[in-house]
Amino acid sequence: MGQNTVKGTDATFVELIGSSTPTLVDFWAEWCGPCKMMDGPLEEIAGDRSEQLQIVKLNVDENPSTAMQFGVMSIPTMIIFQAGEEKKRLVGARSKAQLEAEIASFVS
Amino acid sequence: MAEKVLIIGSGPAGLTAAIYAARADLNPLMIEGMERGGQLMLTTEVENYPGFPEGIMGPELMDGMRKQAERFGTRIVSSDVTKVDLSERPFKVWVADDLYESEALVISTGASARWLGIPGESRLRGYGVSACATCDGFFFRDREIAIVGGGDSAMEEAIFLTKFASKVTILHRRDQFRASKIMAQRAIDHPKIEVLWNTTIEEVLGGDLVTGLRVKNVLTDEESVLPVEGFFLAIGHDPNTKIFQGQVDLDASGYVVTEGGSTRTSVEGVFAAGDVVDHYYQQAVTAAGMGCQAAIDVEHWLDRTEA
């Protein structure tokens with residue numbers, strides 16, 4: 001796990017996404033090749049924008065009920081929450097530049 | 001200053017080309033693309049890559065190749081190429097607004113999963129529609145799903161999906177599979193697998209999530225609805241050559257044409273290797289072999305043109 005991202009679990013999830021800071025949750029698993037591509041970009045964005053955005057990594061293998069609850073059916077899926085509410089959902093891997101564009105309206 | 005060699009794509013072909021080119025002091029630049037590592041990143045256990053007697057996970061194999069390429073000095077850009085101009089040398093390659101120039105070019109962009117192009121398919125992608133059983137099968141525990149295809153990969157994926165799903169229906173437009181006998185039999189005999197022959201899919205149904213498929217029996221023209229929560233595609237691959245159209249010779253299916261026995265394309269200084277060329281073998285090890293050939297072809301060509 002990276003230094004800048006937070007490890008989420010089924011137990012801590014509600015509290016994490018309830019934060020007033022926008023929270024991007026990355027649903028991932030060890031066996032998912034495309035998920036690994038997101039590690040670098042997410043880690044960098046989490047470092048660059050630590051004041052504006054919280055990035056949570058949730059392992060769907062270890063935390064199936066949260067993945068289930070949010071209807072995740074493909075990974076990587078990234079969901080942006082604000083005060084506990086889902087604001088945006090991104091399905092599939094993206095480059096850092098594409099991610100920056102997708103989160104721009106939440107971190108200005 | 002132009003690069004000596006630029007490699008587009010980072011599957012086994014591209015990475016092997018990079019390893020060889022780097023060791024030949026050509027200081028290669030690789031644009032690895034968003035689908036880094038290529039199709040092997042979407043597989044689980046690879047049991048036929050020589051040197052791994054117990055098998056190796058696809059993503060692990062690709063990580064190893066990438067590290068090996070970097071160890072010899074390959075520089076890697078992690079984005080997709082958006083445009084190329086191969087009309088004169090040095091060749092021009094754009095990644096959005098960034099321009100790279102290179103004397104020689106290796107095209108190793110591989111192939112990507114084919115889609116049916118039917119209504120509902122792209123809208124419900126990620127919401128029950130998937131072209132990657134190994135990525136998404138997990139989410140269909142105890143659900144009924146369908147998969148379309150008739151080749152070895154379709155059989156393999158159908159069997160893989162039975163680990164999660166309560167029932168897997170294979171839909172095939174003909175009355176027999178193209179898959180090898182052993183794989184086809186393994187799928188047909190599986191207690192959780194049912195086969196619907198002579199069946200085409202007309203539409204993926206569902207609002208926010210897949211709820212079923214509208215299917216048609218091609219013999220009777222009868223339409224019906226198959227209720228499933230997941231729909232997987234395994235109907236083959238198309239070469240990733242869109243950006244090269246009109247610049248280098250492609251065959252009728254879009255594969256890059258190479259001169260018999262070499263990796264030379266119709267454009268001098270442009271070489272191609274792997275699944276972007278090969279619609280027949282399509283193996284990790286054949287792609288790697290072609291990547292090696294491409295690097296050697298590049299080296300010899302640079303020697304000749306510089307001399």
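B:Thr16 is buried, at a relative accessible area of 10% (buried means under 20%, exposed over 50%, partly exposed in between, with a 1.4 Å probe and protein chains only). This is a predicted model, where local features need pLDDT of at least 70 and side-chain atom pairs count only at pLDDT 80 or more, while totals for chains, interfaces and linings use all residues. Residues are numbered from 1 along each chain as its sequence is written, chains are lettered from A in the order in which they are written, and side-chain values use heavy atoms, leaving out hydrogens and water.

**Around B:Thr16**
- Helix α1 of chain B, residues 12-23, holds B:Thr16 (helices are DSSP runs of H or I with at least four residues, numbered from the N terminus).
- From its side chain, B:Thr16 reaches the backbone oxygen of B:Pro12 at 2.6 Å.
- Leaving aside residues up to four places away in sequence, B:Thr16 touches B:Met65, B:Ala288, B:Gly291 and B:Cys292 (contact means heavy atoms within 4.5 Å).

**Where chain B meets chain A**
- Each side is counted in residues: 19 from chain B and 19 from chain A.
- Together the two chains bury about 1700 Å², with 71% of it on carbon and sulfur atoms (buried area is the accessible area, 1.4 Å probe, that two parts lose on being put together, summed over both).
- B:Met34, B:Phe138 and B:Phe139 supply 35% of the area that chain B buries against chain A, more than any other three residues.

Methods:
Helix = DSSP H or I, 4+ residues; strand = E, 2+ residues; numbered from the N terminus. Polar contact = N/O pair within 3.5 Å; in protein donor to acceptor, adjacent residues only side chain to side chain.
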